[in-house]
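View the structure first, then read on.

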Amino acid sequence: EMKYADARCEVAWCFAKGEGIPKEPELAFQIFTDLSQSDNHAGAICGLGYCYQKGLGVSVVDEKKAVSLYEKSAALGHANAYTHLGKCFLAAKDDSAAFLLFQKGSDLGDRVGKYCLARCYHEGKGVAKDSNKAVELYQKATILGDTDALLRLGRCYMKGDGIKRDPTKAVQLYQRATDLESTGGMISLGDCYERATGVERDFKKAAALYHQAADKGDPRAILRLGECYENAKGVEKDANMAFKHYKRAQEAGLNEATTRLAWCYANGVGVEEKDGAKAFEMFSKAIENGSKEALRGLGFCYEKGLGVRSNLRKAVQMYQQAAEAGNSTAWSDLA
């Protein structure tokens, strides 16, 4: 009977997260509720907490209820409940408590707990920063099939962070994440093919990987695919398709896409004619959300008089801000 309950609980998690099947939060909530009441099932109690935290199958989000359910599940020895509790404490800026909870989840074998514990060591949250220890934990989490850990470990190999730099090994890890249907893996692997890092340059493979991730709705991949269409990288140059993808990415909430759309309006890419006012408006909006490239774009507007009166002093000021924020192209604008 317990094996049957465990299987039902796993199915409910799939319904809750939309993993392998369409997302059905109401059904997930009902299964978790049934198992919690009939079997006092620790995994289902944790699942109920997740539903209340994320507003799945319930009328309103109730974080206090979620924490209470996570605590009840953890008391029954459910490893993943400790990890969820740790995330709650991390969000509440209590890094020390979060670290201890992630450590408990990790010790009980929770793969996400191991990943979160690795992040604590990597970023010095609740513990002294230790990249070597982080890599060790990422490696353990990858053995358990954690795709986030595969990506983080790949970046460590790419940068030589906590381990000897090995771009080829990074590519292998990104490929493993891609095989597990991780859009982050697809994008990272696409970057490697686009930039010839750890593999030979292959724009067609890069574009195909971005397309694969874009089909899954990842706004970062939608943006990258738009850039491929704009610059004829692995696909035929198509300004209209570039604009269409930038628009999709922006509608998905990606601020970087707002900047790309602004450049389209500034340069007349994928639109009937240039629209300086629209470009200025969108660069300004992107700056409010932290875009460094938009600082450069606003400088361009002031330099060329797009949507605003030409003002070379203001243009230089914006280019300088962009350069100081780390935008390398802005230095050439100042030259």
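## Second largest pocket

Seven nonpolar, three polar and seven charged residues make up the lining of the second largest pocket. The model is a predicted one. This pocket holds about 440 Å³ of space. Its lining counts 17 residues, and Arg155, Ser188, Asp191, Arg195 and Arg224 are the closest to its centre.

Three helices each supply at least two lining residues: H9, H11 and helix H13 (219-231). H11 gives the most to this lining, with six residues.

## Largest pocket

The largest pocket has about 1500 Å³ of space. It is lined by 43 residues. Nearest its centre lie Lys17, Glu19, Arg111, Val112 and Asp148. By type, the lining divides into 17 charged, 13 polar and 13 nonpolar residues.

Which elements give two or more residues to the lining of the largest pocket? They are helix H1 (2-17), helix H3 (42-54), helix H5 (79-91), helix H7 (111-123), helix H9 (147-159) and helix H11 (183-195). H7 gives the most, with seven residues.

## Asp146

Asp146 sits in the loop between helix H8 (131-143) and H9. Is Asp146 buried or exposed? Its relative accessible area is 2%. The cut-off for buried is under 20%, so Asp146 counts as buried.

The side chain of Asp146 makes a polar contact of 2.7 Å with the side chain of Arg111. The Asp146 side chain also reaches the backbone nitrogen of Asp148, at 3.2 Å. Leaving aside residues up to four places away in sequence, Asp146 touches Arg111, Val112, Tyr115 and Ala141.

## Nonpolar cores

In soluble globular proteins, nonpolar side chains tend to be buried together. Here the largest nonpolar core has 76 residues. Tyr138, Tyr174, Ala266 and Phe283 touch the most other members.

Tyr138 has contacts with Tyr115, Ala118, Arg119, His122, Ala149, Arg152, Leu153 and Cys156, residues up to four places away in sequence not being counted. Tyr115 is also touched by Asp146. Another core lies apart from the largest one. It has 29 residues, including Ala44, Ile45, Cys51 and Tyr82.

Conventions: Residues numbered from 1 in each chain as written. Predicted model: local features only at pLDDT ≥ 70, side-chain atom pairs only at ≥ 80, totals over all residues. Heavy atoms only, no water. 1 Å grid on protein atoms, 1.4 Å probe; cavity = no way out; pocket = protein on both sides within 12 Å on 5 of 7 lines; lining within 4 Å. Points joined across faces, edges and corners; volume = space filled by probe spheres on them. Helix = DSSP H or I, 4+ residues; strand = E, 2+ residues; numbered from the N terminus. Nonpolar A, V, L, I, M, F, W, Y, C, P; charged D, E, K, R; others polar. Core = buried A, V, L, I, M, F, W, Y, C linked by side-chain atoms within 4.5 Å. Buried < 20%, exposed > 50% of the residue type's maximum accessible area, 1.4 Å probe, protein only. Contact = heavy atoms within 4.5 Å. Polar contact = N/O pair within 3.5 Å; in protein donor to acceptor, adjacent residues only side chain to side chain.
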